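Here are a few notes to go with the model, written for someone opening it for the first time. Have a look around before reading on.

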Amino acid sequence: MISQRLRKARETEEAFETRISMEQRPMFHLTPRTGWMNDPNGFTLYQGKYHLFYQYYPYNSSWGLMHWGHAVSEDLLHWEYAPAALAPDENYDLDGVFSGSAAELPDGRMLIAYTGVLEEIDEDGLKIYRQTQCLAEGDGYNFKKYKGNPVISSDMIPEGGSIQDFRDPKIWKREDGTWRMLVANRSSDDSGQILLYRSTDAFHWEFHKIFARNRNRFGKMWECPDFFELDGKGVLLVSPQDMLPSGFEYHNGNGTVCLIGSYDPVTETFTEETDQAVDYGIDFYAMQTILSPDGRRIMLGWMQNWDTIGIHDARDPWFGQMSLPRELRIQDGRLLQKPVRELENFRKNKVEYHHVRVTGDGITTSAYSEPGDVTRGLQLPGVSGRYLDLEVEIEKADGEELFNKFTISLAANENYHTDIGIRPKESIVKIDRKFSGSRRAVIHQRRAQVPMQEGRIKLRIILDRYSMEVFINDGTMVMTATLRTTLSADGIYFACDKDALLSVTKYDLELKS
Ligand code: FRU
């Protein structure tokens, strides 16, 4: 027996999805079956398949009463929708089933840990939203909420912690068979802390320790924690709210932080050493990771940001995408990201250019040129399209002065262009999507600090109709942005104010026939 709320969500998504054509969606980035999507949830490998759930409101493309949507994949790129997995249908989660994670129980069932949200009136008559941690068990597709929910209630939060900001459980089984859960919480200093709970059977939990504290350094409340060991380091990923900018590292608003440090598995102590943004672009938040069967740590995030959701139109049939899954490594204290190697299986129509001279004879991109008279720069035959894997290498031409600015314009025609600007003298890479179909005054550009010698830089750019992910210098930095550009704008142009050498390898990505 499924609840009325879940049945209604399932009926709605089945009825509405037929109204969305394939062309209205990206080719291999997951979008909601219908309506609204935010965070990835319960990203897990279960019985040989990748399961990805997501924060979901199927009834329209705005955030609403949260459900869990569901999709399944064998290669992390072709996703098949499954029926909505969870609805807010119990007296402890009636106001939303918020983000969480999944794992496999010893008996082979899937276990979901999520945050139940319940509106209450406090003793002063004020509305509060109580958040507690809850479980659901099932066969990977249909779930039964645990009768002992909530398993972690407000009275298990340490002194001073908020009962309203207490969410996004990350659950895992340790090698010794015991269980751990990290939960994000707002502490008495008004900023985030990550709490660690433990259990011997995954159902009965106790508070173990405060695993990490923000101490008002990176934003305020931290959301969506994930923790893993990689390349001899402990890695804590969090998504902070209310960040202040810090140089080029962090920007205002909702951000992403990767804390890299040492981890002692005996005392379960994480000691931070370095911090960095996870993505330096516009649209990335709330990331989760999994371990693939061949031992790769793979991450994906919500390819959107709360500060820019205003870009969408309430009449859109869907809103929200997941990023490309990315393989992670730690090298020299930094996080490296690469598109999952599975993507390379779908590369077609290779086109290659080596050391093409882009001349600085006045051909520069002008954002203000009149439609029709624009020369955005050099076009290379065979290098265009909106679902591409594009490798670009740039350096200054021998014996020439170093250029000030090299611009790559993508998704371009006479009206539209999305630019990647490279300024070696300032060590800046800038993405700019002002001319990418947005009709809203939200953030459209971001800069990252990238040291370059002689203007040398290597980019791998993945385009999938409505997004661009730019992997800089073998993934030492990534800049991600969604686009709304009409699909007929598929030109790619290269321009420079001095002479530069350009090498390009382009592949079309063809995932669905
Ligand atoms: C992060 C977040 C989570 C919460 C969910 C609600 O984007 O705010 O903290 O669980 O979204 O949809």
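1. A term to start with: buried means under 20% relative accessible area, exposed means over 50%, and partly exposed is in between, using a 1.4 Å probe and protein chains only. Helices (H or I, at least four residues) and strands (E, at least two) are DSSP runs, numbered from the N terminus. This is a predicted model, where local features need pLDDT of at least 70, side-chain atom pairs count only at pLDDT 80 or more, and totals for chains, interfaces and linings use all residues. Residues are numbered from 1 along each chain as its sequence is written, and side-chain values use heavy atoms, with hydrogens and water left out.

2. Now the whole chain. It has one helix and 32 strands. The radius of gyration (taken over C-alpha atoms) is 23 Å, close to the 24 Å from the globule rule (2.2 Å times the number of residues to the power 0.38) for 513 residues, so the chain is as compact as a globular protein of that length. Buried residues account for 59% of the 513.

3. On to helix H1, residues 4-17. Which of its residues are buried? They are Leu6, Ala9, Arg10, Thr12 and Glu13. These cover an arc of only 165° around the axis (from the directions of the C-beta atoms), which puts them on the same side of H1. Facing away from that buried side are the exposed residues Gln4 and Glu14. The cover over the buried residues of H1 includes strands S2 (49-57), S3 (67-73) and S4 (79-86).

4. There's an open sheet of four strands to find, in the order S17-S18-S20-S21, with antiparallel pairing (strands pair if DSSP finds at least two bridges between them). S17 (285-291) and S21 (334-339) stand at the edges with a single partner strand each, so one side of each has no neighbour in the sheet. S17 is joined to S18 (residues 297-302) by five bridges, and Tyr285 has Trp302 in S18 as its bridge partner.

5. Some backbone details in loops are worth a click. The peptide bond from Asn149 to Pro150 is cis, with omega near -10°, and Pro150 sits in the loop between S8 (143-145) and S9 (166-173).

6. Two non-glycine residues with positive phi: Gln47, near 45°, and Asp474, near 60°. Gln47 is in the loop between S1 (35-46) and S2 and is exposed at 55% relative accessible area. Asp474 is in the loop between S29 (467-472) and S30 (477-482), and counts as partly exposed at 45%.

Key. Contact means heavy atoms within 4.5 Å.
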